[in-house]
Structures are given as structure tokens and as C-alpha cells.
Amino acid sequence: MSDETSTTTVDRWAERAVLPTAVVTGALAAAWLWFVVAAPLDSVQGVVQKILYVHPPMAFSAYAGFFVTALGGAIYLWRRDAQWDRLAAAAAEVGVLFGALMIATGPIWARATWGKWWSWDLRLTLTLLLFLVYVSYLLLRSFTEGSEQVARFSAVYAIAGLAIIPLNYFAIELAGGRSIHPENVERSSFGEGMGLPFLLGVLTALAMFLHLLAHRIVNAGLAHQLAEREAEEGAAAWDT
Amino acid sequence: VGYVIACYGLVLGTLLAYSLHLTLAQKALRKSLSPHGNQIPVDKTSRSEV
């Protein structure tokens with residue numbers, strides 16, 4: 001791993017981003033909730049349709065988290081600089097959180113609409129697989145923290161896991177009409193007054209993702225500095 | 001309505017709880033680092049005053 005100063009470029013970027021992203025997230029969330037409440041009721045699903053304004057945005061933020069994990073891993077493989085590995089690990093944690101919320105909110109909508117919590121439909125199964133791939137990534141790292149070999153393996157694993165995202169996104173087309181999951185959301189999917197709360201939901205979730213990611217990176221950087229300092233103090237005590 | 005409230009409550013509650021967890025963890029980390037030196041730029045005003 002390359003030598004690092006106590007505060008790296010990624011840490012500094014994250015430190016600067018925490019507060020602005022929090023402010024933007026708060027403002028967007030307030031507008032989002034306002035428009036969700038004000039949005040007209042769907043003529044078929046009724047009030048349950050309002051879950052649409054929260055479930056897909058969780059999915060998009062989870063995708064963003066897994067993409068940043070793979071991107072951080074790729075830059076780490078290229079530059080061999082530990083700050084990118086920390087970025088990847090932070091993005092995986094935040095991505096898994098959004099993934100868990102995506103997987104939790106989906107069945108609530110399904111129970112209200114289909115009458116059952118879960119179906120082994122291609123889209124749902126691939127979503128669960130994608131989530132478990134990145135949960136495994138975090139488990140792998142938690143058991144074997146710190147070595148360069150683990151960072152390299154994690155990076156390759158994160159990049160390979162990314163292949164599930166396009167498969168998952170196009171699962172409904174791939175299932176050829178056998179999928180019971182609703183089709184991907186498009187502009188024409190919305191009735192009047194429904195597009196804006198959905199758009200605000202996506203923007204709020206992405207802003208929240210950036211805020212939590214920045215926060216998590218700052219914490220990882222501080223933990224890294226603390227570990228370095230303890231190692232230095234340990235070495236100094238050993239010398240005396 | 002219960003399903004909708006459950007969804008929004010779960011999402012907002014979880015994200016706020018995680019954000020709070022990160023804030024508290026950051027406070028603890030800065031506290032652990034602070035007695036050893038001034039490498040962590042926590043408060044630029046007080047540093048310039050010194």
C-alpha cells in the first residue's frame with residue numbers, strides 16, 4: 001500500500017461534503033414528504049401505491065452504493081492506495097443499508113397488493129442475490145480486516161458482483177412476461193401529480209446516500225488515523 | 001394506510017438511526033484522537049487563536 005498522509009484526498013472531500021449533503025437531504029426530504037401526502041390516490045391500488053415513492057428510490061441508492069464500491073475497488077487496483085479501498089468499504093456498507101430497506105419495503109407493498117410477502121420471481125430473486133453478494137463482501141472484510149491481499153480480493157469481488165445489476169434491472173424483460181413484479185418505472189408510468197413525488201424520492205434517496213457515504217468515509221479515515229497512531233505508539237513503547 | 005406508514009416509518013427511522021450512529025461514532029473517534037495532538041482539524045478558530 002502506498003504511504004499516506006494523515007488526511008487523504010478522499011477524506012478531505014468527504015469532510016467537506018457532510019454538511020452540504022445533510023442540508024440538501026433535509027430540504028429534499030421535506031419537499032418529498034409534502035408531495036407524497038399531496039399526491040392523488042391511484043385508482044387501482046389506492047393509498048398503497050404511495051409505497052412506489054419510497055421503494056424504487058431505495059433500489060437506486062443501493063445500486064449507487066454497489067457501483068461506488070466497484071469503482072473504489074477498481075481505482076484501488078489501479079493506484080494501490082488504501083484510501084480507495086476505504087471508500088469502497090464505506091460505499092458497500094451504505095449500499096447494503098439501502099439494499100436492506102429496498103428488500104424490506106418491497107414485501108410490504110407485495111403483501112398489500114399481491115396478498116403475499118414474497119415470490120421467487122426472477123427480479124426478486126436477483127435482488128436478493130445482489131444484496132447477499134454485498135453482505136458477503138462486508139462479512140469477508142470484517143473477518144479479515146487490514147491486509148493488502150484482502151483489499152485486492154474485495155475489489156475484484158465487488159467488480160464481479162456489479163454484473164448482477166444490469167441483469168436485475170432487465171430481469172422483467174428477461175422473464176418474458178412471467179414476472180409478477182411491476183415493470184421498470186418510466187415517465188409514462190405515472191398519472192398526473194405522481195411524477196414529482198417519485199422524482200423527489202429518487203433525489204432525496206441519492207442525496208441521503210451521498211451524505212451517509214461522506215459521513216462513513218470520514219469515520220473510516222479517523223479510525224485509520226487512530227490505528228496508525230496506536231501502531232506508532234506501540235512501536236515507540238517497544239523501542240524504549 | 002398501515003402498510004404505507006410502516007414503509008415510510010421504517011425507511012426514515014432506519015436512515016436517521018444510522019446517521020445518528022455515524023455522528024456518535026465520529027465524536028468518539030475524534031475524542032480518542034484529540035489528547036495526542038492537533039492533527040485533526042476539528043476547530044480551526046481555536047487553533048488560530050492558539
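Leaving aside neighbours within four places in sequence, A:Thr69 is in contact (heavy atoms within 4.5 Å) with A:Ala88, A:Ala91, A:Ala92, A:Tyr134, A:Tyr137 and A:Ala158. This threonine belongs to helix 2 of chain A, residues 55–79; helices (H or I, at least four residues) and strands (E, at least two) are DSSP runs, numbered from the N terminus. A:Thr69 counts as buried because its relative accessibility is 0%, where buried means under 20% relative accessible area, exposed over 50%, and partly exposed in between, with a 1.4 Å probe and protein chains only. A polar atom of its side chain lies 3.5 Å from the backbone oxygen of A:Ala88.

The model is a predicted one, in which local features need pLDDT of at least 70 and side-chain atom pairs count only at pLDDT 80 or more, while totals for chains, interfaces and linings use all residues. Residues are numbered from 1 along each chain as its sequence is written, chains are lettered from A and ligands numbered from 1 in the order in which they are written, and side-chain values use heavy atoms, with hydrogens and water left out.

Chain A has eight helices and zero strands. Of its 240 residues, 49% count as buried. Its C-alpha atoms fill a box of roughly 75 × 35 × 25 Å along the principal axes. Among contacts in chain A between residues at least 6 apart in sequence, 81% join residues at least 24 apart.

Confidence can be read from pLDDT, the predictor's confidence in each residue, from 0 to 100. Chain A averages 89, and 95% of its residues score at least 70; chain B averages 79, with 70% of the residues scoring at least 70. Among the elements of chain A, helix 2 has the highest mean pLDDT (95), and helix 7 (residues 171–174) the lowest (78). Two stretches call for some care. In chain A, pLDDT stays under 50 over residues 1–5, for which the model has 13 contacts beyond four places in sequence. In chain B, pLDDT stays under 50 over residues 46–50, with two such contacts beyond four places in sequence. Where pLDDT is low, the predicted coordinates should not be read in detail. For the complex, the predictor gives an ipTM of 0.86 and a pTM of 0.87.

Helix 2 of chain A also holds A:Tyr63, which is buried because its relative accessible area is 13%. Not counting residues up to four places away in sequence, A:Tyr63 touches A:Leu130, A:Ile165, A:Asn168 and A:Tyr169. With A:Asn168 there is also a side-chain to side-chain polar contact with A:Tyr63, at 2.9 Å; a polar contact is a pair of N or O atoms within 3.5 Å, where within protein one must be able to donate a hydrogen and the other to accept it, and residues adjacent in sequence count only if both atoms are side-chain atoms. The C-alpha atoms of A:Tyr63 and A:Gly95 are separated by 7.0 Å, although these residues are 32 apart along the chain.

The loop between helix 2 and helix 3 of chain A contains A:Arg80. Phi of A:Arg80 is near 55°, a positive value in a residue other than glycine. Most residues other than glycine have a negative phi. A:Arg80 counts as partly exposed because its relative accessibility is 31%.

In helix 4 of chain A sits A:Phe131, buried because its relative accessibility is 15%. Leaving aside neighbours within four places in sequence, A:Phe131 is in contact with A:Val96, A:Gly99, A:Ala100 and A:Ile103.
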